[in-house]
Amino acid sequence: MKRFWGFVLKEFLHIFRDPRTMLILFGIPIVQVLLFGYVITNEIKDVKIAILDQSKDHVTIELTNKIISSGFFILDRNIKSINEVEDVFKEGNVRQVIIFESGFGKNLKREGTANIQLIADASDANTANLVVHYTMAIIGDFVREQNKLTGSPIQFVPEVRMLYNSELKGVYMFIPGIMAMILILVSAMMTSISIVREKELGTMETLLVSPLRPLQIILGKVTPYILLSFINAVTIIIMGNMVFGMPVQGSMILLLAESILYILLGLSLGILISTITKTQQNAMFISLFVLMLPTILLSGFIFPIENMPKILQWLSILMPPRWFITIIKNIMLKGTGLMYVWKETVILIVMTSVFLGLSIRKFKIRLE
Amino acid sequence: MSEQKETIITVKNLVKKFGDFKANDNLSFEVFKGEIFGFLGANGAGKTTAIKILCGLWVPTSGDIKVAGFDIYTQTEQIKKNIGYMSQKFSLYEDITVFENIRLFGGIYGLSRQEIAQRAADLMHRLDIEHSRDKLISSLPLGWRQKLAFSVAILHNPKLVFLDEPTGGVDPVTRRKFWDQIYEAADKGITVFVTTHYMDEAEYCDRVSIMVDGRIADLDTPSALKEKYSVKNMNEVFLKIARIKPDQNN
């Protein structure tokens, strides 16, 4: 055991003495969270909208004024027919079209209910979501004011349509996504590089000749990264909460436990990569292209899985981050317990065991 | 020459195949306690394969092999505790300091903290690098690193140390100095098993085995070999042996 800890200490020295490694470990996560956080902002201002008012009575005019004077929206144009909607969006400036049904005011008076249709350009999913929510809030305000004035309960029935991206993804998507990306980057890429470096320098041979067992060598190499990845996970959660108000509704312990599971998965992948590569560059290349890009593209982090072609949807099943993102989104946003994410958890456990099993076999073959 | 020689390595009919290629073809030899045993041959002659098998890194295809009294198939753990190893690439970590390297390898070989402190102080005093205790290995000149690597390889006082082309890429003067260190270790009773392709180094060994194409072409003391082939130096011995080989094949 003493042998082992001496070895782990050396691994920490490698990490702390290398500014580049330190930067990747601690600089990148912080920069990523801030970057994604401020790019995907949750404030909107001066968004251009178009209005199709098929009624033009005092209620619709009043509501239109209220929407435009809110400061969030600018009326780009009034349109005359439903056929123009498509063209308006294609021009690209207008983010939302509001449609009042004909006889809006009359319906309201007679039946106490009237229909508004909100059509948003959801090719930018997050903005669309925000725009719609803001509009609904304004309409809700308006309804309450009207109720106070008239005393009789009225009701608007807003019908929302998201064009181009029917499965809308929330703004909080990015924190789970970044966590999934950073953790796999640190745990898989950094461990595979650090193991392969020993092979490249020839020090691995010296270690294998020593009384350290192969398993101790591998464990010694990955132990520091378990700890550092864990610190990263906590940093991201705290930053998400403090800077961007990302909540943790569910159990913090469950969240951290799932993070550790995912870190272990990344490490076992890293070990696997290290057994099939000979140079550090190779290890980095494989980590980046086999892990990073699919994580970003296929995990549902940025592009919704539901909108992918079938074949990519199948591929995304094989992406560990997909399941991890689902798990932590559920825990952080919905506050669900293990009951609701056990399937994803089992998938991650199975993946970890498969990668570990493969790398142990590979490692043994190499020693023969 | 002592009369009763204790063997520390016994190799009988060692064969190592990679597919159809025989890297080691039926090697048999003994290494005696306390001697400097040279393993000579051109690149690709099978020296490194043999040393890796003796260190327990690779498993041979067949053959009976004992190192430091332990069986290579079943007792690799004991073997590893009793040997030191230094490869042609540097065995020290360049991005940690002299003392940290000593502490690391001392720890790996199970030395206590006091032992490590004691031996580190001795070692740095002997090599006259006390002032570099907290300097990174990468800041030391090549010759020093090599000396230090060797000292670290025998820090745990092994019965036997394997040196795999330890002087690769080093000038003759530094090489000569390095050999002084090897003699010192041998004087302390550590058996030295060294592979090299520098023929001048062969002269420094007690006995040498010359490998050609995976086989041991000859094995004896340098003086006996020079006499046998009636030449003046080991380089000519080697050239003669290498030249005979193809004739035997035809």
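Student: How many helices and strands are there in chain B, and what makes a stretch count as one?

Tutor: Chain B has nine helices and ten strands. Helices (H or I, at least four residues) and strands (E, at least two) are DSSP runs, numbered from the N terminus. Please keep in mind that this is a predicted model, in which local features need pLDDT of at least 70, side-chain atom pairs count only at pLDDT 80 or more, and totals for chains, interfaces and linings use all residues. Residues are numbered from 1 along each chain as its sequence is written, while chains are lettered from A and ligands numbered from 1 in the order in which they are written.

Student: Why is chain B called as compact as a globular protein of its length?

Tutor: The radius of gyration is taken over C-alpha atoms, and the globule rule is 2.2 Å times the number of residues to the power 0.38. For 250 residues the rule gives 18 Å, and chain B has 19 Å, which is close, so chain B is as compact as a globular protein of that length. Along the principal axes, its C-alpha atoms fill a box of roughly 60 × 40 × 40 Å.

Student: Which strands of chain B stand at the edges of the open sheet of six strands, and why?

Tutor: The order is E6-E7-E8-E3-E9-E10, with mixed pairing. Two strands pair if DSSP finds at least two bridges between them. Strand E6 (83-86) and strand E10 (215-220) of chain B each have a single partner strand, so one side of each is left without a neighbour in the sheet. On average, neighbouring strands here are turned by 15° against each other, direction ignored.

Student: How do you know that E9 and E10 of chain B pair?

Tutor: Five bridges join strand E9 (residues 207-212) of chain B to E10(B), and the two run antiparallel. The definition asks for at least two bridges, so they count as paired. Within this pair, B:Val208 stands opposite B:Asp220 in E10(B).

Student: What makes you say that helix H6 of chain B packs on the sheet?

Tutor: Helix H6 (residues 172-187) touches strand E3 (36-41), E7 and strand E8 (191-196) of chain B. Contact means that the C-beta atoms of two residues, placed from the backbone, lie within 7 Å. The direction of H6 makes about 150° with that of E8(B); axes are lines fitted to C-alpha atoms, for helices over the stretch in contact, and angles run from 0 to 180 degrees between N-to-C directions. Helix H5 (residues 142-153) of chain B lies across E6 and strand E7 (160-164), at about 160° to E6(B).

Student: What is the order of the open sheet of four strands in chain B?

Tutor: That sheet has the order E2-E1-E4-E5, with antiparallel pairing. Its edge strands are E2 (21-32) and E5 (70-71) of chain B, each pairing on one side only. Strand E1 (residues 7-18) and strand E4 (residues 62-67) of chain B are joined by five bridges, and B:Val15 stands opposite B:Ser62 in E4(B).

Student: Why is B:Glu165 called buried?

Tutor: A residue is buried if 20 or more other C-beta atoms lie within 10 Å of its own, exposed if 12 or fewer, and partly exposed in between, with C-beta atoms placed from the backbone. B:Glu165 has 21 such neighbours, so it counts as buried. B:Ala68 has 19 and is therefore partly exposed. B:Glu165 sits in the loop between E7 and H6 of chain B, and B:Ala68 in the loop between E4 and E5 of chain B.

Student: What makes the phi of B:Ala68 and of B:Glu165 worth a remark?

Tutor: Most residues other than glycine have a negative phi. B:Ala68 has a positive phi of about 55° although it is not a glycine, and B:Glu165 has a positive phi of about 45°, again without being a glycine.

Student: Which part of chain A gives the largest share of the side that touches chain B?

Tutor: H1(A) does, with eight residues. In total, 20 residues of chain A are in contact with 21 residues of chain B.
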